[in-house]
Amino acid sequence: HTYYTQQRPPQKLTPPRRRGAMLLKTIPIQSAYHASTKLRSSPVLKVHKPVAASSRRLVAAMATEHYANVTIGGGNAAGYVAKEFVAQGLGKGELAIISDEGVCAYERPALSKAYLAPEGPARLPGFHTSVGGGGERQTPEWYAEKGITYKLNTKVQKVDAKAKSLTTASGNTITYDKLIFAAGARPVYLSEFNTPGSDLQGLHYLRNTADADKLVQDIQAAKASGGKAVLVGGGYIAMEVASQLANNGVPCTIICPENFLLSRLFTPKIAEFYEKFYASKGINIMKQAKATAFEGSGKVQQVVVSTKDGQQKLDASLVVVGVGARPNVELLDGQVEMVPKPVGGIKVDGFMRTSNPDIYAIGDLATFPLKMANGKLVRQEHVTNARQTATLAVKAIKGKATEPYDYLPFFYSRVFNLSWQFWGSNENAEVAHFGDFAGSKFGAYFISGGKVVGVFLESATPEEQSAAQKVAREQPAANLA
């Protein structure tokens with residue numbers, strides 16, 4: 001997509017000074033961006049930094065701030081929260097976004113796709129939200145123009161729901177009328193399983209631009225040295241990153257623990273097509289295999305792999321791990337109703353309200369009643385859900401939401417010259433495949449309870465995509481007889 005690399009020269013803007021501004025240091029927002037991004041000016045955002053130790057009591061006493069609406073988290077969802085508040089009418093100082101990242105909200109899916117491309121890679125400010133959803137590119141200057149306070153590099157250490165306050169790692173207190181919790185999810189780390197060597201350099205997890213920048217550096221090093229890569233996991237991250245490694249000329253192996261790739265969504269027949277396509281690009285896939293250890297002196301050099309036939313070691317100068325994600329709900333643990341595992345997350349109603357009416361949860365960590373599944377509680381880790389729940393939560397806060405959330409589950413991916421989409425559900429479904437699997441234009445209907453509940457398409461036209469989406473939404477009667 002062209003929006004990944006488009007850049008607009010920033011305007012020189014100075015955010016308004018707030019009470020206590022003399023105790024705040026400013027940093028050029030330019031310093032947070034990738035080194036290849038060229039900005040002709042250095043606008044600033046106010047970022048809380050601790051001053052001298054002798055003044056800490058004074059800072060604590062004067063650093064309390066209040067906003068009508070506070071959003072915790074700076075991912076996709078937060079950017080779309082800001083977009084909708086502006087659309088609904090936002091007064092100066094009504095919204096603060098607090099993020100522990102060093103850059104304003106961006107379209108996170110780019111990190112495993114165009115960000116890793118060898119030519120014309122995506123770089124900020126090219127893919128700030130909300131360009132992925134057809135909106136403006138919300139640069140730091142955009143937030144300043146709209147009167148939105150955006151606190152970068154700011155970690156929230158505590159939320160007190162009763163007091164309607166939160167405390168940052170630097171000791172500052174922020175109070176709110178309404179809180180939108182958009183802290184997202186974090187990768188599952190192999191260190192959680194005490195996997196030997198999981199602390200070595202060269203093991204990568206991909207969640208933010210800082211992660212992506214480190215991965216890009218190691219990809220470049222592997223290209224220069226003739227190194228190899230290993231991908232742990234058989235899902236989105238493995239498939240998308242492997243395609244870009246191949247594009248970069250870095251040989252790689254996917255260690256897939258299941259019987260076939262992306263087993264939660266693909267059928268064996270669909271997976272077979274992509275596995276053959278990947279093999280044609282020189283990508284090796286080891287199925288029913290697990291990475292049991294990593295070896296190296298300070299930096300990973302080999303991966304120990306266990307299969308049904310025994311153990312073997314793979315050379316690797318870099319490893320990318322994608323074995324799932326966990327919702328970041330700990331700040332609200334014990335203060336709002338949670339959903340037990342395996343679904344997990346924070347329970348919300350059809351308007352994204354938690355059990356505390358002044359706290360809304362959106363995006364990856366929100367567990368909501370899926371209307372088309374008779375109110376079954378689901379949690380969706382997808383950018384489309386992040387965008388839509390953000391929009392709905394703001395409308396609900398503003399008293400403009402009239403209908404509860406009616407989400408149509410949606411997943412997609414783009415690898416090499418392929419592009420697939422899936423709408424609906426594949427749970428407990430029979431499958432009817434169609435199209436040309438020898439070529440690259442095919443699909444599948446997923447049928448359950450005598451009706452079509454899901455549709456998969458590869459290489460579909462926009463018109464075909466619209467038709468498939470309509471079928472998944474309307475669920476017409478069907479059978480395999």
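Trainee: What makes helix α8 a helix that lies across strands in this predicted model?

Mentor: Helix α8, residues 462-474, lies across β24, β26 (441-448) and β27 (451-458). Contact requires heavy atoms within 4.5 Å. Against β27, α8 runs at about 160°.

Trainee: Which sheet do those strands belong to, and what is the strand order?

Mentor: Five strands form an open sheet, and the order is β23-β24-β27-β26-β25. The pairing is antiparallel, and from one strand to the next the twist averages 15°.

Trainee: Why are β23 and β25 said to stand at the edges?

Mentor: Each of them, β23 (410-415) and β25 (430-436), has a single partner strand, so one side of each is left without a neighbour in the sheet.

Trainee: How do you know that β23 and β24 pair?

Mentor: Pairing takes at least two bridges. β23 and strand β24 (residues 418-424) have six bridges in the antiparallel sense, so by that cut-off they pair. Within this pair, V415 stands opposite L418 in β24.

Trainee: Why is T149 called buried?

Mentor: Its relative accessible area is 11%, and buried means under 20%, so T149 is buried. T149 is in strand β5 (residues 149-151). Its C-alpha atom is separated by 6.3 Å from that of I97, 52 residues apart along the chain.

Trainee: What does Y143 contact, leaving aside its neighbours within four places in sequence?

Mentor: Y143 is in contact with G79, A82, I97, C104, A105, T129, Q138, I148 and Y150. Y143 is also among the residues with the most contacts inside the largest nonpolar core, together with V70, L166, M352 and I362. That core has 69 residues, and α7 gives the most to it, with eight. Apart from it lies another core, of 53 residues, among them L206, L245, F260 and L318.

Trainee: How do you describe the packing of α7 with α2?

Mentor: Two packed helices are described by the angle between their axes and the distance between the axes. For helix α2 (residues 76-88) and helix α7 (residues 383-397), the axes come within 8 Å and cross at roughly 35°. The crossing is right-handed.

Trainee: Which residues meet there, and how many are nonpolar?

Mentor: From α2 come N76, A77, Y80, V81, E84, F85 and Q88. They meet V383, A386, R387, A390, T391, V394, K395 and I397 in α7. By class, this contact has nine nonpolar, three polar and three charged residues.

Definitions and conventions: Residues numbered from 1 in each chain as written. Predicted model: local features only at pLDDT ≥ 70, side-chain atom pairs only at ≥ 80, totals over all residues. Heavy atoms only, no water. Axes fitted to C-alpha atoms, helices over the stretch in contact; angles between N-to-C directions. Helix = DSSP H or I, 4+ residues; strand = E, 2+ residues; numbered from the N terminus. Left-handed = near helix turned anticlockwise from the far one by under 90°. Nonpolar A, V, L, I, M, F, W, Y, C, P; charged D, E, K, R; others polar. Buried < 20%, exposed > 50% of the residue type's maximum accessible area, 1.4 Å probe, protein only. Core = buried A, V, L, I, M, F, W, Y, C linked by side-chain atoms within 4.5 Å.
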